[in-house]
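The sequence and structure come first.

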Amino acid sequence: MSDQVSTPPATTPEPPTEEQSTVDPLSTVSRDIAEVPSVEIISTAALHLMSAAAVHLGLAEDLPEHRDLDEARSLIDSLAGLLDAAAPSLGHHHAAPLRDGLRSLQLAFQEASTIPDEPGTGPGEKYTGAVHPAARPQYTRPLPVEDVPTDR
């Protein structure tokens, strides 16, 4: 018995057609990115930073025991810097919920940290100023029009 290895016959690749040679896959990626508004790209980057920081703060439902405050600090600092730099481009409508999320992460960091930072030195506070837990505002229902006192 002989052990012969069969090799496929050598084939030369077909030369690319003119259409194939002119289409660069990177140009389609660039074209796709060019169609996305900067507000979406900045918001997406901010959401990725928020999600990663939340995981490192132990806030992920599927990974609650994971906690890495050094990583969380770095991500929160980066998020605060991004939002500070991008705020004029984002406008209030897009920036407000991202700032709220940043503040929530900063407060969660304060709760998770066993050694408190000096006011103004916590993660992201270089950009936001000191973050303090505040009492939740008490919302009351508006008075019906007939119950509003008048000066008559």
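In which helix is L105 found? L105 is found in helix α4. The model is predicted, so local features need pLDDT of at least 70 and side-chain atom pairs count only at pLDDT 80 or more, while totals for chains, interfaces and linings use all residues. Residues are numbered from 1 along each chain as its sequence is written, and side-chain values use heavy atoms, with hydrogens and water left out.

**Overall make-up**

The protein has 5 helices and 0 strands, and from the N terminus on its elements run α-α-α-α-α. Helices (H or I, at least four residues) and strands (E, at least two) are DSSP runs, numbered from the N terminus. Of the 152 residues in the protein, 26% are buried. Buried stands for under 20% relative accessible area, exposed for over 50%, and partly exposed for what lies in between (1.4 Å probe, protein chains only).

**Residues of helix α4**

Helix α4 covers residues 69-112. L105 counts as buried because its relative accessibility is 6%. L98 is also found in helix α4, and with a relative accessible area of 7% L98 is buried. S104 has its place in helix α4 too, but S104 is partly exposed, at 47% relative accessible area. Each of these residues has a C-alpha distance to a residue elsewhere along the chain, listed here.

| Pair | Separation in sequence | C-alpha to C-alpha distance |
|---|---|---|
| L105 and I76 | 29 residues | 7.3 Å |
| L98 and S43 | 55 residues | 7.9 Å |
| S104 and M50 | 54 residues | 9.9 Å |

**The salt bridge**

A search of the whole structure finds 1 salt bridge, that is, a side-chain nitrogen of Lys or Arg within 4 Å of a carboxyl oxygen of Asp or Glu. R73 forms a salt bridge with D117, and the closest N and O atoms are 3.0 Å apart. Because R73 lies in helix α4 and D117 in the loop between α4 and α5 (125-128), the pair ties together parts that are 44 residues apart in sequence. R73 is partly exposed, with a relative accessible area of 24%. D117 likewise counts as partly exposed, at 31% relative accessibility.

**The second largest pocket**

D117 is also among the residues that lie nearest the centre of the second largest pocket, together with Q110, P116, E125 and V131. The lining of this pocket is made up of 15 residues. By class there are 7 nonpolar, 5 polar and 3 charged residues in that lining; Ala, Val, Leu, Ile, Met, Phe, Trp, Tyr, Cys and Pro count as nonpolar, Asp, Glu, Lys and Arg as charged, and the others, Gly among them, as polar. Helix α4 gives the largest share of the lining, 3 residues. The volume of the second largest pocket is about 190 Å³. A pocket is an open set of points on a 1 Å grid over the protein atoms alone, where a 1.4 Å probe fits, with protein on both sides within 12 Å along at least five of seven lines; lining residues have an atom within 4 Å of a point.

**A nonpolar surface patch**

V29, I33, V36 and I41 form a nonpolar patch on the surface, and together they have about 310 Å² of accessible area. Patch residues have over 30% relative accessible area and no salt bridge, with like charges joined within 9 Å and nonpolar side chains (Val, Leu, Ile, Met, Phe, Trp, Tyr) within 5 Å. Accessible areas come from the Shrake-Rupley method with a 1.4 Å probe. V29 has its place in helix α2 (residues 25-34), and V29 is partly exposed, with a relative accessible area of 41%.

Definitions and conventions: Grid points are joined across faces, edges and corners, and a volume is the space filled by probe spheres set on the points.
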